[in-house]
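Me: Can you walk me through the aromatic contacts in this one? Keep it short.

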Amino acid sequence: MPLKFDLSAAELSSAELASLKEMRSRCARRILLSTSLAASGHPGGSLSSLDMLLVAYGILRHDPANPRMAERDRFVASIGHISPGVYSVLAENGYFSEEDFLAGFRRTNSGFPGHVESIVPGVEWDTGNLGQGLSTAVGMAHAFKLKGMPNRVFCLMGDGEHQKGQIVEAIRHAVKYKLDNLTVLIDRNKLQICGSTEDIMPQCMQKLYGGLGFQTVKIDGHDCNAIYKAMRESYRNISGVPTVLIAQTVMGKGISFMENKAKYHGSPLPPDDLAKALAELGVENDFEQWQARRKQPVNGKTIMPPRAEYPQVQAGAPLVYAADKMTDCRSAYGDALLSLAQANNQPGQMPKIVGISCDLEGSVKMDGFHKHSPQAYLELGIQEHHAAGTAGAMSCENLVTFFSTFGSFAVSEVYNQNRLNDFNHTNVKVVATHVGLDVGEDGPTHQCIDYLGLMKNYFRFSVFMPADPNQTDRIIRHIAVQRGNHFVGMGRSKTPTITKEDGSVFFDADYIFTPGKADWLREGTDATIITYGALTPSCIEAWKLLKQAGKSIAVLNMASLLPLDKDAVLAAAKTGAVVTVEDHHVETGLGASVATVLLDNGLAPKMKRLGVKQYGGSGKPSDLYKQQGLDAESIAKTVLELIG
């Protein structure tokens, strides 16, 4: 049975300590059985962190009957490989049965994966890669501060993972924003896969955290009373300073021949050794019975559905930029974001819209938002890895979270952080400026030309690339009111407003952006140019040149790249020839997507893919485009050569 501690008590009673000892024995048995049954997994760290896990769940507010109750505290297991320990303690607390866990652990289609995932009742986050859980916990803790909620956050970490630099970024954030509702727990067993942490990469946890401003407390990680006292103090902390508990522990604690052995980080016990270990615990060896049980079909009845919460957001009135107006899409983004804040972030009330950037507030046009909603704007410095991770966590706490920086930093640099957000069904809005060769003079290191190619690897991100400021405005408002992960990219330069043939605004006040629906900017019968983003004006200019040459060419704006308007692609193929034009790596962008759609449908029209074929240089965007055949004249020439 689970324990619930009375935090008014300065220490645990003898009865509570006795109960914890019994609980530890039962959980240790599950840890050993589960990993041996799966013939894989991580028993050593599960055993070393077990006492902290048991005490933590006696302190936290949580309800096994309602795993996602709004009032619950959050527990983030950054060391996701200790799933046997986490699942064992959750079973002990009644989130699911021992039968569910032992029969399903690490089996296909079961609800108990090898690393902790939120399909397991009681698990908050799919942590996966080491070094990222603290960013998640910081995002949750900051969200609760913004919303004025009393929820607390515990984050369990390993000592080896502290070799990751992202952790330092998260520590700085927690200190800067006074997140005293955050407690970090470190399982300091001093061992990792290849041996001693002190041999592989030595570090001092106390200096790391204390030097950056945390309260640091050292404890015996197997003394439940000491753990309780330290957790009790950190749970009641209102000092404005976050706390870290550095727990001195023993790898494989409780099994004599496993203790202080690095091999048991990720090595389950073979049957003979399992029998010895269970004998030490004084429990029955029912390994063979469980082996037989695991031959039966997997039962996925415990699998939790993804979170569904998302705030009600007012989209506000769209802004319309005149036909003769030259402005940049990033300024339109800033205007739309400010408009959203004005509609949703009222003085004295909990904000709904949050903005995060990394030392680029003015460049990504978040300054207006910052002035309107200073508490809801997070300046996280040059810490993109942490910013991407914490943005994802905040987006799951009923906050519409916009994360903005340059394309190279928002996509390429934080590919894995976005990947984990994708796993976690987050609702983050990544808006990247300075995308493509349009960055110009900053040169190839800043010319992000892989955004679509990388984003295609995710399963839960949409990708939108507006053609002008008007379409930018509608897209930004759309992603604000829609749950899910969205990427919006745009260039740096000022761009003409896209117009109809009669000169009127194309994306006018009546225009509604719809994911998966392309826009026919021009109709034609000889060929179709399919494009998006910064090169749309060049394609319109190419259309004019081709019209003067007596050719009837259609121009299709594919602002929605994920999902793609496949019907429009097939319609384009009926014109007889297709030319794709993009400010992106030619092999992995829109051209590749269009070619795949055509191939999948058995079509083989004449086709040419225009895009970035090599790293650009440092120069004016117009010169860089011309160099790679992406200017209006080159586009028109390519079409003429293709259709004859």
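This is a predicted model: local features need pLDDT of at least 70, side-chain atom pairs count only at pLDDT 80 or more; totals for chains, interfaces and linings use all residues.

Me: Start with Phe101. Buried or exposed?
Reply: Phe101 is buried, at 0% relative accessible area. Buried means under 20%, exposed over 50%, partly exposed in between, with a 1.4 Å probe and protein chains only.

Me: How many aromatic pairs in the whole structure?
Reply: The search finds 18. Rings of Phe, Tyr and Trp (its six-membered ring) pair if their centres lie within 6.5 Å; planes under 30 degrees apart are stacked, over 60 edge-to-face, the rest tilted. One of the pairs is Phe96 with Phe112, edge-to-face, 4.8 Å centre to centre and 70° between the planes.

Me: Where do those two sit in the chain?
Reply: Phe96 is in the loop between helices H4 (83–92) and H5 (98–104). Phe112 is in the loop between H5 and helix H6 (133–147), 16 residues apart from Phe96. Helices are DSSP runs (H or I, at least four residues), numbered from the N terminus. Both Phe96 and Phe112 are buried.

Me: Back to Phe101. Why is its pair with Phe105 edge-to-face?
Reply: Because the ring planes are at 75°, with centres 5.5 Å apart. Phe105 is buried too, at 0% relative accessibility.

Me: Which residues form the cluster?
Reply: Tyr87, Phe96, Phe101, Phe105 and Phe112.

Me: New topic. What sits over the ring of Trp543?
Reply: The charged end of Arg522, 4.8 Å from the ring centre. The cut-offs are NZ of Lys or CZ of Arg within 6 Å of the ring centre and within 35 degrees of the ring normal. Arg152 lies over the face of Tyr235, at 5.7 Å from the ring centre.

Methods. Residues are numbered from 1 along each chain as its sequence is written. Side-chain values use heavy atoms; hydrogens and water are left out.
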